[in-house]
Each structure stands twice: as structure tokens, then as C-alpha cells.
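This report goes through one chain by topic, from its contacts and overall form to single residues. Sequence and structure are shown first.

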Amino acid sequence: QVQLVESGGGLVQAGGSLRLSCAASGGTFGINDMGWYRQAPGKQRELVAGVTSGHSTNYADSVKGRFTISRNDAKTALYLQMNSLKPEDTAVYFCKAAVSWGYEYWGQGTQVTVSS
């Protein structure tokens, strides 16, 4: 019932910035918590940042002070502002939405590559 589409990934030099967007469509009224996850080659998928329906946020220690997660008032879009990017941030980034009726939806992912 919910479709998520990420955009904004690409290639950037170390120290640069990117802004990821996640557009939600379909039955979006029931969306509660949302988050960004990433998976690097040879690594497990990990939580990068999360935001609740009340706009409370949490971040992985590795991105605190560099990344900022936000969502719009209608809960139909999710953003991740990434500053001071490092090569270690290279990964596929995924948008996730949890709905009130007990299901999670995932986007297709967007590639972020940070060069030295």
C-alpha cells in the first residue's frame, strides 16, 4: 500500500555534501516511524538515522554531527542531509517506513559513492 522512491545519490568527493530524498506514495496516512539505512559492500545493513511521527530523531554514532534526518508535515517525504562525507559512507542507502497496521516498507535504494 506504500511505495517509497529514493533519489539524490551520486558520486561526491570526500568532504562534500549530498541530500537524499524519499518520496512516499499510496496509503501514506498510516506511516509512523521512518528511517534511512545503508549497506556497504560486504557489510550488514545498518540504521543510519531514524525519525518518529513526532519528529524525534536518532543517529548512528558514525554519522552524528554530519548527517541530519527530517520529514515533512504530511509524512509523505523523508530527507537525509549528508555533510562532510567520508569514503566510509559509501553504500546503498535505503528509505524505510513503518505503518500503524504493523508492516514495514522499503525503497529500492540509491547509491552514494564518496571518493578520496
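## Contacts along the chain

Of the contacts in the chain with a separation of 6 or more, 53% are between residues 24 or more positions apart. A contact here means heavy atoms within 4.5 Å.

This is a predicted model, in which local features need pLDDT of at least 70 and side-chain atom pairs count only at pLDDT 80 or more, while totals for chains, interfaces and linings use all residues. Residues are numbered from 1 along each chain as its sequence is written, and side-chain values use heavy atoms, with hydrogens and water left out.

## Fold and dimensions

The chain contains eleven strands and zero helices. In sequence order the pattern reads β-β-β-β-β-β-β-β-β-β-β. The radius of gyration is 14 Å, close to the 13 Å that the globule rule gives for 116 residues, so the chain is as compact as a globular protein of that length. Strands (E, at least two residues) and helices (H or I, at least four) are DSSP runs numbered from the N terminus. The radius of gyration is taken over C-alpha atoms, and the globule rule is 2.2 Å times the number of residues to the power 0.38.

Along its principal axes, the C-alpha trace spans about 45 × 25 × 20 Å.

## Surface and charge

Buried residues account for 41% of the 116 residues in the chain. Buried means under 20% relative accessible area, exposed means over 50%, and partly exposed lies in between (1.4 Å probe, protein chains only). The chain exposes about 5900 Å², of which carbon and sulfur atoms supply 49%. These areas come from the Shrake-Rupley method with a 1.4 Å probe; for residues, only the protein chains shown count as cover.

There are 10 positive and 8 negative side chains, and the centres of the two sets lie 2 Å apart. Lys and Arg count as positive and Asp and Glu as negative, with His and the chain ends not counted. The place of each charge is NZ of Lys, CZ of Arg, CG of Asp or CD of Glu.

A pair of aromatic rings is described by the distance of the centres and the angle of the planes. Rings of Phe, Tyr and Trp (its six-membered ring) pair if their centres lie within 6.5 Å; planes under 30 degrees apart count as stacked, over 60 as edge-to-face and the rest as tilted. The count for this chain is four aromatic pairs. One of them joins W101 and Y105: the ring centres are 5.8 Å apart and the planes stand at 70°, so the pair is edge-to-face. Y103 and Y105 also form an edge-to-face pair, with 4.9 Å centre to centre and 65° between the planes.

Y105 is buried at 11% relative accessibility. W101 counts as partly exposed at 43%, and Y103 is partly exposed with a relative accessible area of 47%.

## Loop residues

G102 sits in the loop between β9 (91-99) and β10 (103-106). With 66% relative accessibility, G102 is exposed. G102 and G8 are 94 residues apart along the chain, and their C-alpha atoms are separated by 28 Å.

H55 lies in the loop between β5 (46-51) and β6 (57-59) and is partly exposed, with a relative accessible area of 36%. S84 is in the loop between β8 (77-82) and β9 and is partly exposed at 41% relative accessibility. E88 also lies in the loop between β8 and β9; its relative accessible area is 59%, which makes E88 exposed. From E88 to Y105 the C-alpha distance is 26 Å, for 17 residues of sequence.

## S21 in strand β3

S21 belongs to strand β3 (residues 18-26) and is partly exposed, at 22% relative accessibility. Which residues does S21 touch, not counting residues up to four places away in sequence? They are V5, E6, S7, W36, L78 and Y79. L11 is ten residues from S21 along the chain, and the C-alpha atoms of S21 and L11 are 16 Å apart.
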